[in-house]
Each structure stands twice: as structure tokens, then as C-alpha cells.
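Dear colleague,

Please find below the structure that I am handing over to you. My notes on what was found in it follow directly after it.

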Amino acid sequence: MTATTCPNCGASQRSRGYKSKGVAALLAFFFGGLGIHRFYLGQWWGIFYLLFIWTWIPGLISLIETIVFLATDRVKWDQKHNEGKPAGPGEGAGVGIVVGIVVGLFVMIAMIGILAAIAIPAYQDYTYRSKVAQAMSEITPIKSDYVAYLNERQQAPRNNGDLGLDSPLTLSSGHKVTISNELIFIEFVTPKSNLIDGETLTFSPVISGNQISWDCTGGTLANKYRPRQCRP
């Protein structure tokens, strides 16, 4: 590559702008699979990175090139990419700033993606636990009627009809309640998601003297959606 001459002072000048090894290394690390660093260095064969990006080979090569760029002595770098001339005042700064902004945005987007990957599942779990808690609260009157029936007749109700309930009974939350085999079943209905849709939580009366408590460890509902007292 032939250097040009300053028309005013006659000094030898580069025929193109200064190519910073720091900028080249950043481009290779973040966008190397696209060959952007090669285009920045004025090397047309960066097109091959684009052609073979689907093989992941360009990405691997660019990582190696990042290390090579950073390890290259500045004098040798300038000899190879800047016609042997070091950077002048402010040269390469504009490109460096732009690359820094782009890389910063890239990192910010990646961080947002990581946070979203953590927060969204956690929020979903919280939402479904709330649905379970709501259904459990809604069957409180049914459990009271169950206990009253048991105390009065000395036997557990066999089905919803024994308590004068529809079969199955649809709660205001949309979930369904069925009494069978002395158990109260909640079947969760969440058509927009299959995480708990169709899963069940059962309540079994536990008689101890004159006291009746409820065992809610049965059913197919995953433990992470159950309250602590209902986890096996």
C-alpha cells in the first residue's frame, strides 16, 4: 500500500484512516462471526466469514484473532495495517467511540436477556402459586360443609350431590371441585398455559379425637406451585 504526501508540507501520509487494534479486537470479539473486523481493516475477504457463519467456524477463528490482535506489538500492527505510521492526534477516536457504544448496547441487551430469563419464570411460578392459593381459599366453605356432614351423619360425603353441589363444581376462579372417595379434588383450569392445567390438588380429612384437619399433599400438582403445608 502506497502512502500519500501532504500537499502543504510534503510529509508522507497514510492513504486511509488509522486502524486501531483495540477497535479491531472488539469487533472481532463481539461481531467476528460476521467478519466485521476484517471489513474494518479493509480486507474484502471478510465476506467468507458471512458465507460460513452457519458453521460456527468464523466465530471460533475470530476469538483466536481477538487474542492475536491484542497480543500484537503496536509497531508491528502499524506496519501491517497503518503503513508503518502511528496514530496521529485523535485518529481512530471516532470509530472507537462508535464501537464502544455499539458494544455497550450489545452488553446491555445481553444483560437484559439474562435478567428476563431469570425473572420471567420466577414471575410465572408466583402467578401459579397465587392461583393455587386462591382456589384453596375458595373451597373453605366446602370443607366446612364437609365437616358438618361428617359430624352429623358419621360418614364422609360420597360426592358433590351429598353437599348439594354441582358436579363438578366450578369455582369463581374457573377451577373445578369434585368430591370422590372421601377426598376433595381441585382440578386446575388454565387454558392459556399447560403448566398446571389439568393438574389436581386433593384434600383428605384427618380425624384426631374431636379435631379434623386436612392433608393436602395428594394430587398431581408440582411441588413448586403448592404451599409448604401441601408439599409431600
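Is the crossing of H1 and H4 left-handed or right-handed? The model is a predicted one, and in it the crossing of these two helices is left-handed. The contact draws on Lys21, Ala24, Ala25, Ala28 and Phe29 from H1, and on Ser62, Leu63, Thr66, Phe69 and Leu70 from H4. Helix H1 covers residues 21-31 and helix H4 covers residues 57-71; they pack at an angle of about 165 degrees, and their axes are 8 Å apart. Angles over 145 degrees count as roughly antiparallel, and H1 and H4 are therefore roughly antiparallel to each other.

I turn next to the sheet. Five strands form an open sheet, in the order S3-S4-S5-S6-S7, with antiparallel pairing. Its edge strands are S3 (169-170) and S7, each of which pairs on one side only. As background, the side chains of a regular strand alternate between the two faces of the sheet.

Two of the pairings may be followed in detail. Strand S4 (residues 176-180) pairs with strand S5 (residues 183-187) in the antiparallel sense, over five bridges. Within this pairing, Ser180 has Leu183 of S5 as its bridge partner. Strand S6 (residues 200-208) and strand S7 (residues 211-218) are likewise paired in the antiparallel sense, here over six bridges. Ile207 has its bridge partner in S7, namely Ile212. S6 and S7 form a hairpin with two residues between them, and Gly209 in the turn has a positive phi of about 65 degrees.

Helix H7 (residues 140-153) lies across S3, S4, S5, S6 and S7, and it runs at about 130 degrees to S7.

For comparison, most residues other than glycine have a negative phi, and most peptide bonds are trans. Gln154, which is placed in this loop, has a positive phi of about 60 degrees although it is not a glycine. Pro168 is also placed in the loop between H7 and S3. A cis peptide bond joins Ser167 and Pro168, with omega at about -5 degrees.

Finally, which residues does a disulfide join? The structure holds one disulfide, and it joins Cys216 to Cys230, with an S to S distance of 1.9 Å. The torsion about the S-S bond of Cys216 and Cys230 is about -90 degrees, so the disulfide is left-handed. Cys216 lies in strand S7, whereas Cys230 lies in the segment after S7, so the pair ties together parts that are 14 residues apart in sequence.

With kind regards

How values were computed. Residues numbered from 1 in each chain as written. Predicted model: local features only at pLDDT ≥ 70, side-chain atom pairs only at ≥ 80, totals over all residues. Heavy atoms only, no water. Pairing = 2+ DSSP bridges. Helix = DSSP H or I, 4+ residues; strand = E, 2+ residues; numbered from the N terminus. Axes fitted to C-alpha atoms, helices over the stretch in contact; angles between N-to-C directions. Parallel < 35°, antiparallel > 145°, perpendicular 65-115°, else oblique. Left-handed = near helix turned anticlockwise from the far one by under 90°. Contact = heavy atoms within 4.5 Å. Disulfide = S-S within 2.5 Å.
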